[in-house]
Structure formats: structure tokens, C-alpha cells
Amino acid sequence: MTEEKRLIEDYLPIEKISAEASREKSVRKGHISTLHLWWARRPLVACRAAVYGALVPASRFVPNGASDEKKKSLGRANAAKFVERLCLYPGNPTVIAEAQHHILQAHAERLTVETGKKVTVEDIVEGRAPRPKVLDMFAGGGAIPLEALRLGCEAYALDLNPVAHIIELCTLVYPQKYGKPDPSTRGMTGPKNARGETTWGGLAEEVRYWGNWMLKQVKAEIGDLYPLIPDSEFKGKKIAAQVDWLKEHTTDEVPPGYLIPVAYLWTRTVTCKNPNCRATVPLAKQTWLRKKPGRYVALQVVAPAGKKEVRFEVVEALSEKGLAFDPEAGSKGGNATCPFCGTVADGEYVQGEGKAKRVGIQLLAVVCGGRSGKGKTYLAPDDSPETLRALESLEHRLKAKSERVIGGFPNERINPLRPSPNARGLSAVTRHGILDFGELFTPRQKLMLMTMADVISRKPWDDKIDHGHAKAVATYLSSLVDKIADYGSSFCRWISQTEAVAGTFGRHALGMLWDFAEICPFGDAGSNADSILNAQVSALAEIEAGERPADVRRGSAASLPEDWRGFDAIITDPPYYDNVPYADVSDFFYVWQKRTIGSIYPEHFATELTPKKSEATALASRHAGDMDAATKEYEDLMLRSFSEAAKSLKPEGLLVVVYAHKTTLGWSTLVEALRRAGFTVLEAWPLDTERGARLIALDTASLASSIFLVTRKRSGEAIGNYETEVRPELEQIVRERVGTLWEMGISGADLVIACVGAGLRAFTRFVRVEYANGEEVPAERFLAEVETAVLEAILARLSKEVGASSGQHSLVGLDAATRFYVLWRYTYKAADLDSGEAIIFANGTHVELDGGHGLSSGTRALVAKNKSKYRLMDYTERGEDAALGMPSEDGQSAPLVDALHRLLWLLERHPSGIPDFLRDARPNTEQMRLVAQALAGPALKGGELGEVATGTELAALTKLTANWRSVVEDVAEAAVGPLFRARQKNE
């Protein structure tokens, strides 16, 4: 059959989709992300665009009766209008219904050609013909198959990880099967009508009902561990005792004169290493409680004479300076100073104390719901003695409860199968001796979670609703336990700017935390059990209850089920090389799921922890530290997975791979697997899928965008010649793509990687690519060539943006070191790079990093190397060297970046030295001006994309470019005169 071009192969309005995807990331109410945490889940609108674009032909929006070029332009404009309306979160039902019709109509036409019989949309809707089939073979949090369901397709989801599989059931199966109100079930949810009859609310209300029931049971059992706090400012009639009030009132009522705890703030402690002191040393990094204009609250550390333990006092002020102390003067990198004798408990000592189980905790403060009009109330430990008194019987109760919970408390070692304590995602805590999952929680937190697990195991709903429905309810309650564990571990931060508790996983790992926040699960503000349940119910209610649940299975993408064949599209988000250690970090939830629903799903919870052996990640810790072995295993699994995809796709079907790894090294593995599996990369769309403020992005070269690689099965077995076929096509693709994406507002690493992705078309359309001598071009080498072409094209575009003329006065003609510096700043700003990626980047810019003449060598090094990391140095680190920027002994000019750094340093520290420097260094000032302008911020779409340099260097560059004439041109003219002008002309 004739291969039709799909919309995703031709055009997507990526600016608008990206803007909406970025906005969606900040939405919480009603979003599936509130059902359960899963790492790197893609925004729904980006997934919706991918599913729609992969199934609808580009010709759908092309009008008749115009010239070919006009048709193309109008078709893209029409497509943009519709896709922009479609990809709004949460989505307009009318527009989604229209998109469903587009997809089914296109599918009916394809079925007509495929079968030779007329197929209509009505045939598909009424079940006489199949719907389009969409598979996600690395389904994770289920965003892609959920959007496939929403758009009227049959959706299929696969994942090896049991935690992900349970999330997928809660997202793709149970809402669709039980979401609609059904009077035939014997559920107990919903309000009563005027006749006293139950009104049925469906699964969401069922979960709300039983969730509230469970929390009520838990509160009745352990609510006394979270006592109300007498309000010292209460002026009304005193209540004799809280317990007397509660005997006569419901437990949800608060007696007058009491405050409800919201959170408890703690610090870890060690004993001072000074044998003559041995005081308790708090390890807290900071003591901020509230940091908002108009009210600043922090804890002041007081070391009483003759005592061995500090106390904390709450201090409030109208400004930071008004506090009269620094709340951030705590531990640094695990090093803490003893407040009594000044001895430093260094990181090595603290780690040793952790391994010896001698790290304790000390209460910092209790956060309560605010008094009228005053926001939250903060109490020092001395002002809330009830808090610690309530914990006196905790250990006995914890032991008794542990014996009741199936299998006991999750006390398996975090890394039972690995000898190394440096497993990805968990190494920060294992280095400090935290080897059991139970040690991630305080005793009170453990008892809370175990009590919830105990209540779920009683399953009183089993005789109230049918078995499948009951299984679904229990599964959602297990997710509630997981969410409370996420917000209720001893690795949760207190965010003083928002006065809220952040969850355990701010990144794809467990980071060591010295001061932490413990939620009160029965609080009435912020994160608490009620608010978490309500958020989950809202998300469940938002998932459209359809007639077709997805086909959700657990297994490896390297071996798809035999009955999964004939897919119209496979859209998947595979693991990115070594980016996220999914199996390791998901064990945090697995151990709780095993104890809440392990008996319901014995096939998924038979093992001690999540399966690791077949996970498609390149983690050296799985191979005794051998990264080569880890890479080989990952490459093999990806090749087998894409080979399975090729077998399962229809001949004309698309494979769309979402990829967001920032390194070319990671890309080479993916590209080679795709090519060897028989796929050709046809298009690459960068869609902004991340929040810039996320922890994982800070000070890293992380991409803001995910690249949607669009591929088809390759036809033929042609061998391509690199010099005559591949290279010319590559250069043409790169020039076009740099220009197009630049105009769309894509910049930095996102622009580089997106252009690299598009350049893959020239390589992957051949089964093998050879140089003229017959030597095969490997994927890694080709990607380096692509990156070189992309960087050169970007440099040319930067030259154009800063108004450079042709010839010598342009960025294209820069010396290698300066070109490298400008492109690194443009691509990665101030981020460090791993050695592998830094070397590839250096190769792409024709410089050496190491060795006698490398940029990281010598007294005037441009790049700093620290173990396996490289970073650029700025003028503040290099400019003091008086010889920087000076010609060599043989008269050869210094790299222009050296001269610029020396000039910036002189401008800031010693302006009077500028004339002598310009006279002796004789830099090409016109070209140096262009470099300074490019680094200070190219005029990309009106400055929309921001500056290239950062921090102090940006400020100095801005000052220099704004005063260029007086600082450089007039000075140079006066200092050098005609000789200077003649040299510039010759250059």
C-alpha cells in the first residue's frame, strides 16, 4: 500500500504545545501525577500531540485548489490551529471528540485499502471493525496509553516494574471498568437523597468513602501520638484537659484554646567528637521556618552554659536583617561545628557515626495551624512538651504492630544484591549507614504506615462490593499509603518560602537530608492524609471513564506478548541510558505495596524487591562497577526491544521514541539500536516537558525538552557512502533545522540535541554507512560529525544575530579555543559535563581537553577538570594573570577568549591598565566585540531566550558591551593609533 505521510512527520506547533506542557507540569489538582509518584512522567498534552500526530495524515489539513507550496503553508497553519486547541490541559471534550473522529476516519480509510472492503467510522464505533492500536512498551506512569484511550484507540501498556504496573492499573484499567456510577453494585458510597437512598458516585466516591473510613480507623488507634497543643495566647475559658473534651465531642472537633499540629521539624544529631565535650551536635543546614516578605521566622540556636544539648528559640522579624542572626549558618556538606566547644564534626566522622547507628534526632519546632489572620504558628520544643511526651510509649506499640503486619516491617536492606554501597539513587543514604528501608522513617512514621497497612489487610469492603471492584478499591488505598510514605519519611524538606512539606523525591534519588519535616497526618493544613486522599480522588474523577480499559501487562519490552501484533503506532518513552535508576528508587514504594496488596497480586510481589536483572538501564552497580558491561547489556536490551517493536508494527506504522538524555553518548546507543532493528529516523521534535525549577535541572546540563523521534521501518538494505550521500544530506538537514528551530525559540542544549536528532535521517536510512575506503561509520562517530555540523551552523547563526559581517569579522572565523568557549556557554551555560560528553563536545569543536596542549592544562587553562567532570572557567578565575591574552614568544596571537577575560578583569579591577593591555596584546577588537555580544545575550527573537553567559561574567560582559566605544575603541585608537588600524585591516 502507498505510505502516507503522518502529521507528526510533517509539522507540529511545538512552541504552543511546549508552553502548555510546561504549564501542565505545575498543575496538581485533578492530574494523574497525584495518584502516585512516577519519575520522568511526560505531560499529557505532549503525549496527546504524539498520539494524534502519529495517526492522522498530514493531508488532513491541506486545502484543495492551491499551489503545492501554498497548500503546504496553509495545511500547516490549519494543523497548528487544531492541534493547539486539542493540546490544552485538561482538554475540551468537544475538541477531543473531533480529534477522535479524525483518527477513526483516517483509520477507516487505511482499513479499506488494507482489506479491500469499505470500512466506515460507524463500523469502528459499533465494533464491526477494529480501532487503531497504540502500544507503549515502557509505559511507566501511563501517560501515553491514557491519551491513546482518550483519543478513541485501543491502548496497550507494558512495564517490567511492579510499582509502575500497579500505577498503570489505577490509571488505565480500573477507572474505565468501575469509573461510571453503577447502581447494580452494592457499594456504600455517596450521599443520601431525600428518600434516604444511596446515590451512586462511581469509583472515585467509592475510594473517598473507604479512604475516609481507613483514616478514621487509623486515627482512632494512633491519633494520640499527634496531640493538640495548648495555645498559650488563648484568652477564653480554659479547658481542664483535652481528653475530657474529646470524651464529649467528636474526635474531629478541636477544643477551644488548642492548636492543631501541621508538621514537626527535626534535625539529625551526632555526639561531639571532642572527648572533653561530648555534647549533642545538631546537623541542621538551616533553621528557616518562614521566608516571605513582611514576616520572616527562623530558629535561633542557643547553647546554655553547663548543658550538653542546644535549645531552639523561635524568632520573628519584618526583614531578614531584623532577625540579627543567620539561619543558614548550619552544617555544610555534612560538616557541623559543635555549638559548645567549636570542634568540627566533619563529614567522615558523621558518616562513621551513621554506620555505627549513633546518629540521633532532635525536635526543632512544631508547626501548627495559624491563629486568626497570622498564618502558621511556630512553637519551639519547650513550648510544646506534649509532642515529646506522646512518644514515650511508641517503641512498645511499634513492636506490637510490626508483629501484626504481614511479613513484618519492610526491613530488607536497600541493596541486598549488590556489594557496593554506591548504587545509583541510594548511595547518599547508604554511605551514612542507612541500609534498611525502615531507617528512612521515624518510629512514629513507621507506626502510621504499618497501621494503615494493617487496616487495609482487614478488607471490610470485600463483602460490600464485587471482587474486581474490591480489588480496585484496595489498590487505590495502597496508593494512598505510598503517597503518605512519600510525604511522610525523614527525607522530606520544609519549604520556608511556601510553608509546606515537600515529598521525599525532589529528584530521581534519595539525597541525604540533615534537617527534615514530618507531616502530621491528621493536620488541617498543608500536606496531610486528608489532602492527599482528596487529591487522589480528584485525579481519579478526572480520568475519563470509557468503555475500553487498556490491555495492561507486566513484562519486558525485549519480549513482547505473542498476541500483541499489528499495532498502528508504538509510542514509547524508554529508560535513558543511566539517567534514572527506576528499580532501585521504586523499591521505596514496593516494600509498602507488598505489605498492603501483596496478597491480592501475589504474581507481582513474590520477590523481595523489584526485579533488576532485566531492567533496561546502563548502571555499573549492576555489573560490579563495570560500566562497559552495563553499557553492553543496555544496548542489547534496547536492540531486542526495538526489534520486537519492528515485528509488532504494521508495515506502515510509526515508532515514536521519546528521548531526553542530554549526552551524545547516550544517544549513540539509542540510534544504533534503532538502526540495527530496521528503523529510519525521519523527524525529531523538541517538546518542552520539564519545569526549569526542578531539583534535577539545577546546575546540570539537563534538557528542558524531550525529543520525540519519529521513525518508520526501513525499506531495503542499501549501503550509503558517507562522503557522497550521507554528509551532503546531513549538512542540508542541519542548516534547515537550525534555522527553523531557532525561529521557534528553541535554544541551547535543546537546539543541539533536536538538530542532532533530525540529522539522523541521513544516517539511519541506510542499513550500513561506509567511508570511501569501505570502513563502516559507527553511530557514535556519526553523531560526533552531526554535532560538529550543528555547532558550526549555530555559530554561523550567532554571528548573524550579533550583526557580524562576512569574512574575518565573524564568529565563524574564531580561533578554536574561543569557538569552543562560546559554543559551550551557548549549549550548557555554567553546567559541568561528564568526561565522555565533554570529550565528544571538544571533538565537535576541534579542540583537545587534556594533554600538554589541552584546554584543561597549563597555567592558563580554560577548562577546570575535577575527577570525571569538566567545567568552563570564567574571567574571575583567569583574568588576574598579566600574561593572559598576550602573544606568544613567536608572535602568535593568543586565543581571543583569553584577551576578553583579561579585558573584563581589568575593567572590573584595574581600568587604568586597559590601554597598556590593548597596546601589547593587539587583539582583534572587532571580533572580540562580537564574542562579547554573543556571550552577553544574542538577540534571539527579541531576547526571549535570554543570555548565554551567567552570573558575574554576564554582568561584566553587559557593562563592557554597553560601554564598548569608550572602554575599547577610543582607548585603542589613542594607545596604538595608525598601527592598530593597519593591523586590524590586515586581519
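You are looking at a predicted model, in which local features need pLDDT of at least 70 and side-chain atom pairs count only at pLDDT 80 or more, while totals for chains, interfaces and linings use all residues. Residues are numbered from 1 along each chain as its sequence is written, and side-chain values use heavy atoms, leaving out hydrogens and water.

Start with the salt bridges (a side-chain nitrogen of Lys or Arg within 4 Å of a carboxyl oxygen of Asp or Glu); the structure holds 55. Select Arg712 and Glu9, whose closest N and O atoms are 2.7 Å apart. Arg712 sits in strand E21 (residues 705–713) and Glu9 in helix H1 (residues 7–10), so this pair ties together parts 703 residues apart in sequence. Helices (H or I, at least four residues) and strands (E, at least two) are DSSP runs, numbered from the N terminus. Both partners are buried, where buried means under 20% relative accessible area, exposed over 50% and partly exposed in between (1.4 Å probe, protein chains only).

Next, pick Glu499 and Lys292, a salt bridge with its closest N and O atoms 3.4 Å apart. Glu499 is buried at a relative accessible area of 5%, whereas Lys292 is partly exposed at 25%.

For a network of salt bridges, select Glu672, Arg675, Arg768, Glu770 and Glu776.

Finish at Asp898, in helix H28 (residues 896–909). Asp898 counts as buried because its relative accessibility is 9%. Show its contacts (heavy atoms within 4.5 Å): not counting residues up to four places away in sequence, Asp898 touches Arg878, Leu884 and Gly885.
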